[in-house]
Amino acid sequence: MTVGRRMYASILTTFALFAVLFIVFQQYREKEYKIETLNLRLQNFNARMGEALEQEGKDIDEYVRKRGIAHLRVTVVDTKGNVVYDNLRKDYKNIANHSGRKEIREALAKGSGYDINRVSNTINGDFFYSATYFPKQKIIIRSALPYDNDLAESLQADQHFIWFALVVMLVLSVMLYRFIKRLDSNISKLRLFAQRADQGESLDTEDLVEFPDDELGEISESIIKIYIRLQKTKEEQNILKRQLTQNIAHELKTPVASIQGYLETIIENPDIKEETKAQFLERCYIQSKRLGSLLNDISILNRLDDGSKLMEFEQINVSQTIRQIVRETALEMKEKNMKFIDNTPEDIIISGAQSMVYSIFRNLTDNAIAYAGEGTTITLDARKTGEDRWLFTFSDNGVGVDSKHLPRLFERFYRVDKGRSRKLGGTGLGLAIVKNAVLLHGGTIKAENARNGGLKFEFSLAK
């Protein structure tokens, strides 16, 4: 039995029980109301008759005949229970004492009382009795109507309410069934989805294509779409990881192979000239530095991939970091006859990771020195955008790159000119580090060719 059916059965049972109890209560209340109404009617007759008896010479039979109700029986009883008048039977001495009758006892105790559907011991038949006590005359006037089919039917509750309640219950049951059926369908499909997802089965089946057009159906479809999207993202990440691993292995292979080749040559030729040996060792050193740079860049990217939780943020003076990088690269720029124009304002303060902010500006500067060309100029500008971030523009007036390469400049190990990049000692990870570091600090970055022919980077950093 599915969850929806169990829910339907439990809700329907609860509703049916409530409906039955409500109908019973309503029937009881309606019957009580009709009994009270009839009793009030007879009490009014008793009251008027009591007023009439106060008038001397009043003929009781005449009064009952003129003012009474059809088939009405009227009895007058003294406080000891003796019958002193009865309009249907005149042998009062042979009538049993009425002090034990329920309506008489209640009348003496409370002023009025009634009894319903009781067999008369005086005359044959069932009656509805209503008695009223008059202390001044010290008598009890009791009026009674035969409890026949007409009276019984008049005191019954209206059966139309029962039929109405049953029709309402039927309509609600159908509506509840339709709703539960849709709910059950959604739950069944979600359970099927969970089972297939847990077992790694395909989710592209007709069973999971369409859901009922309601809120739960939309939520169910969204859950499946999110799961499928996550699975595709996971597959894409696995592909990227495999590609990254292959790229790393390929990039590491080149310097390692070079170092190994030079060292093997030195070992296998012990009589090699010192000048040649020194040259080979110098090349080994250069390749080892490249290998170290590559491993360092990979380490930085791994830290960035792990997210900001592993980074310690602090107040950073970006202006000082830029000045430091300009001083550190001054010799390289002088060798290439390059200039660095720093138009940034003093004391740009942001909250961030010092090493990552340094990596942003250092990698952009190293990239420009390596590829912009001799005699070029690097320009760095900065301005506030709103109250929460700084916008930086890093550009050069060098050779730029072909527009087809711009969308891929921030990919890991992507090179515009592979041979030239390796020759210049680049790792192919600098701009990837720049992008991830900018994202870490709540910013965005884009690359485009400048109007003067060089390459321009625009990026923002949150304060």
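Figure 1. At 42% relative accessibility, F22 counts as partly exposed, whereas F18, with a relative accessible area of 52%, is exposed. The model shown here and in the following views is a predicted one. F18 and F22 both belong to helix α1, which covers residues 3-53, and they are placed four residues apart, about one turn of the helix. A search of the whole structure for aromatic pairs returns nine of them. In the pair made by F18 and F22 the ring centres are 6.2 Å apart and the ring planes lie at 20°, so the two rings are classed as stacked.

Figure 2. F392 lies in strand β10 (residues 389-396) and F459 in strand β12 (residues 455-462), so the contact ties together parts of the chain that are 67 residues apart in sequence. Together with F361, the residues F392 and F459 form one aromatic cluster.

Figure 3. Helix α10 comprises residues 354-371, and its 18 residues reach 26 Å from the first C-alpha to the last, close to the 26 Å expected at 1.5 Å a residue. R362 and D366 are four residues apart in the helix, a separation of about one helical turn. The two partners fall into separate burial classes, R362 counting as buried at 18% relative accessibility and D366 being partly exposed with a relative accessible area of 29%. R362 and D366 are also linked with E328 and E332 in a network of salt bridges. Just after α10, G373 takes a positive phi of about 110°.

Figure 4. The structure as a whole holds 16 salt bridges. In one of them the side chains of R323 and E346 meet, with an N to O distance of 3.4 Å. R323 lies in helix α8 (residues 318-328) and E346 in the loop between β7 (339-342) and β8 (349-352), so the pair ties together parts that are 23 residues apart in sequence. E346 is exposed, its relative accessible area being 59%. A further salt bridge is formed by E448 and K456, whose closest N and O atoms are 3.0 Å apart, and in this pair E448 counts as partly exposed at 28% relative accessibility.

**Figure 5. Two loop residues with positive phi.** K138, a residue other than glycine, has a positive phi near 55°. K138 is placed in the loop between β4 (126-134) and β5 (139-146), where, at 56% relative accessibility, K138 counts as exposed. D347, likewise not a glycine, has a positive phi near 55°, and D347 is found in the loop between β7 and β8.

**Figure 6. A nonpolar surface patch that includes L172 of helix α5.** The side chains of F164, V167, V168, V171, L172 and M175 make a nonpolar surface patch of about 530 Å². One of these residues, L172, lies in helix α5, which covers residues 160-199. L172 is partly exposed, with a relative accessible area of 37%.

**Figure 7. The whole chain, for orientation of the close-up views.** The chain has twelve helices and twelve strands, and of its 463 residues 38% count as buried. Among contacts in the chain with a separation of 6 or more, residues 24 or more positions apart account for 64%. The accessible surface of the chain comes to about 28100 Å², of which 53% belongs to carbon and sulfur atoms.

Technical notes
Residues are numbered from 1 along each chain as its sequence is written. This is a predicted model: local features need pLDDT of at least 70, side-chain atom pairs count only at pLDDT 80 or more; totals for chains, interfaces and linings use all residues. Side-chain values use heavy atoms; hydrogens and water are left out. Patches are made of residues with over 30% relative accessible area and no salt bridge: like charges are joined within 9 Å, nonpolar side chains (Val, Leu, Ile, Met, Phe, Trp, Tyr) within 5 Å. Accessible areas come from the Shrake-Rupley method with a 1.4 Å probe; for residues, only the protein chains shown count as cover. A salt bridge is a side-chain nitrogen of Lys or Arg within 4 Å of a carboxyl oxygen of Asp or Glu. Buried means under 20% relative accessible area, exposed over 50%, partly exposed in between (1.4 Å probe, protein chains only). The expected span of a helix is 1.5 Å times one less than its number of residues. Contact means heavy atoms within 4.5 Å. Rings of Phe, Tyr and Trp (its six-membered ring) pair if their centres lie within 6.5 Å; planes under 30 degrees apart count as stacked, over 60 as edge-to-face and the rest as tilted.
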